[in-house]
Amino acid sequence: MSRKRWAAGLVLATMLTATVPEMAWAASAEAATVEVVSTVSLRETPSTSGDLVRYLKAGESVTLLQTVNGYWLQVRDASGKTGYVSSNEKYVKTANAPAAPAKTATIRATVTFRTQPSASGDKIRMLRSGETVVVTGQPNSYWYAIRDAGGVSGYVSSSDEYISVNGTTPISTPTPTATPAPTPTASPAPAPSPSQTAAIVATVTFRNQPSTSGDKIRMLKAGETVIVTGQPNGYWYAVRDAGGVSGYVSASDAYIRLNAAAPTPTPTPTPTPTPTPTPTPTPTPTSAPSDSAKVEAVIAAGMKYLGTPYEYGSDRGNTLTFDCSDFVRQAFKDALKLVLPADSRKQAAYVLDNANGVTTDWHKLKRGDIMFFMSYKGSKPSNYDGKQPFGETVTHTGIYLGDGQVLQTYSKESGGVRIDSIAGKHWEYRFLFGGSAL
């Protein structure tokens, strides 16, 4: 069967760039102040494995630049050094934080209401279809901070499968009009439609990751037209240039302007009214999703578990923790109801039996392929001399995202589900083979 896979480099990374000083959810340009309560590490990346910049001491005040996710803040100290610090209240206290504009939202389908913006957060209760909640913020691309009708605050998946955000709610002081004024510099850029074109307004860096630390591909010049293939967060677009090269560009309207969305092949309403009492988010059952749509669904499902803790031999019956094969299995199960074998070796056998060919060269992998690795023997290529791709024991697995990146989980110390680069690292040397499970 012929397969079409979309290999655009859309990586849902939750790290936000240090060049945007406003908070992702801020309603005001006023900077928030973070007071250090007890000594805490200032790190180069939002991870306990990130290199230490220095220790922040109790009593220091730093400027809050970004809320990266439910566990990390990006801050700048008095000397101008920028880094990441734990958001745990035993280490820091945030003052003068600008409030997010409250919006109401309607729950579309039953979804878990959690105490943290993570699948590992404790469950408060199940929100039911038809409930109305107030959205008070968005700590990352995958979760909304909300308050229910009873005044209970927590977090819910931001997927439009579960929640539909309405307009801004009235606040205690009357506003002159019912239409909220746009705040282009403080709020995230609007999400693009699939395959929407955009014009480059001013020269801007085209990068291989949605971060200022991503390698530069080239400079995009004013007047160029690109295709926007996704938006990993509020500050970056995933785009494809006229030459077919995929990468990331700032979503600031100072550099890029979205054009009108191209017409889609979905049927338009006919003059004859159809009995549809309420709009539903369910897909049209008349046509099966393409392979590329299935791939994106699997990756989106996996991305929702970023940060979920690692546990070797994790329980396949829940999503509180994962080991590598449990995570890969859950992503396919959530997205496609495809239940893969429960361990990495059996998953490898499944792919070998079912894929239209596999590859031992990771450069030839397609987005959404499953990668299989041997055990760690060291960080040098010579440690893996004599490796036999189909003769070694498979001990690890992950989902290939394209552009040399893998979505995986492998240790408690690494922070759980995460995205890693392959090239020049032990992941490249340990790689055995990979292919599609579809």
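The structure is a predicted model, in which local features need pLDDT of at least 70, side-chain atom pairs count only at pLDDT 80 or more, and totals for chains, interfaces and linings use all residues. Residues are numbered from 1 along each chain as its sequence is written, and side-chain values use heavy atoms, with hydrogens and water left out.

**The overall picture**

The protein has four helices and 26 strands. Here helices (H or I, at least four residues) and strands (E, at least two) are DSSP runs, numbered from the N terminus. Of its 438 residues, 43% count as buried. Buried means under 20% relative accessible area, exposed means over 50%, and partly exposed lies in between (1.4 Å probe, protein chains only). The accessible surface comes to about 21900 Å², and carbon and sulfur atoms hold 53% of that; the areas come from the Shrake-Rupley method with a 1.4 Å probe. A contact means heavy atoms within 4.5 Å. Among contacts between residues at least 6 apart in sequence, 62% join residues at least 24 apart.

**Salt bridges**

A salt bridge is a side-chain nitrogen of Lys or Arg within 4 Å of a carboxyl oxygen of Asp or Glu. By this rule the protein has 10 salt bridges, including these:

| Pair | Closest N and O atoms |
|---|---|
| Lys93 and Glu35 | 3.9 Å |
| Glu60 and Arg54 | 2.7 Å |
| Arg316 and Asp323 | 3.0 Å |

How far apart in the chain are Lys93 and Glu35? They sit 58 residues apart, with Lys93 in strand β7 (residues 92-95) and Glu35 in strand β1 (residues 32-36). Glu35 is partly exposed, at 32% relative accessible area, and Arg54 is partly exposed at 23%. In the remaining table pair, Arg316 is partly exposed at 21%, whereas Asp323 is buried at 6%. Elsewhere, salt bridges with shared partners join Arg54, Glu60 and Asp77 into one network.

Helix α2 (residues 324-336) has 13 residues, and at 1.5 Å a residue they should span 18 Å; the end C-alpha atoms are 19 Å apart, which agrees. The expected span is 1.5 Å times one less than the number of residues. Several residues of α2 are buried, among them Cys324, Phe327, Val328 and Phe332. The buried residues of α2 pack against α1 (291-303), α3 (344-354), β22 (370-373), β23 (396-402) and β24 (405-408). Just after the helix, Lys337 takes a positive phi of about 60°.

**The nonpolar core**

A nonpolar core is a set of buried Ala, Val, Leu, Ile, Met, Phe, Trp, Tyr and Cys residues joined through side-chain atoms within 4.5 Å. The largest one has 31 residues, and those with the most contacts inside it are Phe327, Phe332, Ile370, Ile399 and Leu407. Two or more residues each come from α1, α2, α3, β22, β23 and β26 (431-435). Leaving out residues up to four places away in sequence, Leu407 touches several residues, including Ile299, Met303, Phe327 and Ile399.

**Aromatic pairs**

Rings of Phe, Tyr and Trp (its six-membered ring) pair if their centres lie within 6.5 Å; planes under 30 degrees apart count as stacked, over 60 as edge-to-face and the rest as tilted. The structure holds eight such pairs. The rings of Phe322 and Phe327 have centres 5.8 Å apart and planes at 65°, so this pair is edge-to-face. Both Phe322 and Phe327 are buried. Ring pairs also link Phe373, Tyr410, Trp427 and Phe431 into a cluster.
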